[in-house]
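This report walks through a single protein chain.

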Amino acid sequence: MTRSRFKRTGLVCRPGGSGWERSHCQNPFAQSLGNETYRIHFASRDDSNRSRGGWVDVAATAGGLTPTGRSDGPSLDLGRPGTFDDCGAMPGCLVNHDGRLVLYYTGWSLTRPVPFTFAIGLAESRDGGRHFERVSEAPVLGRNHYDPLLAGAPWVLVEDGSFRMWYVSGLRWQVDPEGKDAPIHYYTVKHATSSDGVIWKTDEHICLPFLEGEHAIARPVVQRTEAGYEMLYCTRRLGETYRVYQATSADGVHWQRERAPLLDTNASGWDSEMVCYASLLRTAEASFLLYNGNGYGRDGVGAAILES
């Protein structure tokens, strides 16, 4: 995707309001169901701020996306107490490979003295993406020698039978020694490889080094192009909120970042304070940027049509 213009079309879906989806439709991404219908997966939160997977089905036209149905319960529920995802299970991406539809997701748990950690889990659907069951109660990528703090927000591609993952890795927490201020997390995007999609190999290489003032580079979404790879991601500086950006790469490992946002905040409304967690939905009629706004997707999933 070269430098482009987007026309906002508004919210595609809002939180359903039931006990497990009081707020948020976070980290949206689309699954094709055929006949220009798509399932947009996301994570909703309950009253205790715990994330579970959900989805809304939409019909696509040149003018926009129209909801046609939604999940009546979590597509991916919390893990058992004590597991890595007992405080949140946030869908990240789908992979359809060798007849299996698998979901890579971020599992959250609460910690001290920093507020949280997360790791990457794997689940499988046997009903076309309506529900997912864990492949294991353990993460497929968690704390390790190269990612000692956290790993999450996975995006996976399969190339010639091998798996590649772009994900968020925590580099450090900045903790107030007197405990007066909340700890500040520093995380950015790294890359891992696997022969089977379960056992992953990573290293010390950072795909997106911090620019001055940045502390959170989040939610990489990668697509293959004729020239190599394109990544959507969001980033924020200390005291600021997220904006959506783009980067390009010849090999998927070394990246060139665009300095101007691909999508900036709106003048008013549900996406006036931040825009984040974007992914691209290409249909026969148009291409849509799915994204979240204020409060990390508190109000739902929005869309913008690619104009050029």
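The model is predicted. Glu-124 sits in strand β8, which spans residues 116–125. Is Glu-124 buried or exposed? Its relative accessibility is 12%, so Glu-124 counts as buried; the cut-off for buried is under 20%.

The side chain of Glu-124 has a polar partner. It makes a polar contact with the side chain of Arg-100 at 2.9 Å.

Thr-235 belongs to strand β15 (residues 228–237). At 4% relative accessibility, Thr-235 is buried, because the cut-off is under 20%.

Which side chain makes a polar contact with the side chain of Thr-235? That of Glu-214 does, at 3.1 Å. The Thr-235 side chain also reaches the backbone oxygen of Ala-216, at 3.3 Å. Neighbours within four places in sequence aside, Thr-235 is in contact with Glu-214, Ala-216, Ile-217 and Thr-241, and with Tyr-242, Arg-243, Tyr-245 and Arg-257.

## Nonpolar cores

In soluble globular proteins, nonpolar side chains tend to be buried together. Here the largest nonpolar core has 52 residues. Those with the most contacts inside it are Tyr-104, Met-165, Trp-166, Trp-200, Leu-208, Met-231 and Trp-255. Strand β7 (residues 100–110) supplies the largest share of this core, five residues.

Met-165 is one of the residues with the most contacts inside the largest core. What does Met-165 contact, leaving aside neighbours within four places in sequence? Its contacts include Tyr-104 and Trp-200. Ile-120, Leu-141, Pro-154, Trp-155 and Val-156 are also in contact with Met-165. Lys-190, His-191 and Ala-192 complete the list.

## An open four-stranded sheet

Four strands form an open sheet in the order β1-β20-β19-β18. The pairing is antiparallel. Why do β1 (6–13) and β18 (276–282) stand at the edges? Each has a single partner strand, so one side of each is left without a neighbour in the sheet. From one strand to the next, the twist averages 25°.

β1 pairs with strand β20 (residues 301–306) in the antiparallel sense, over six bridges. Arg-8 stands opposite Ala-304 in β20.

Definitions and conventions:
Residues numbered from 1 in each chain as written. Predicted model: local features only at pLDDT ≥ 70, side-chain atom pairs only at ≥ 80, totals over all residues. Heavy atoms only, no water. Core = buried A, V, L, I, M, F, W, Y, C linked by side-chain atoms within 4.5 Å. Buried < 20%, exposed > 50% of the residue type's maximum accessible area, 1.4 Å probe, protein only. Helix = DSSP H or I, 4+ residues; strand = E, 2+ residues; numbered from the N terminus. Contact = heavy atoms within 4.5 Å. Polar contact = N/O pair within 3.5 Å; in protein donor to acceptor, adjacent residues only side chain to side chain. Pairing = 2+ DSSP bridges. Axes fitted to C-alpha atoms, helices over the stretch in contact; angles between N-to-C directions.
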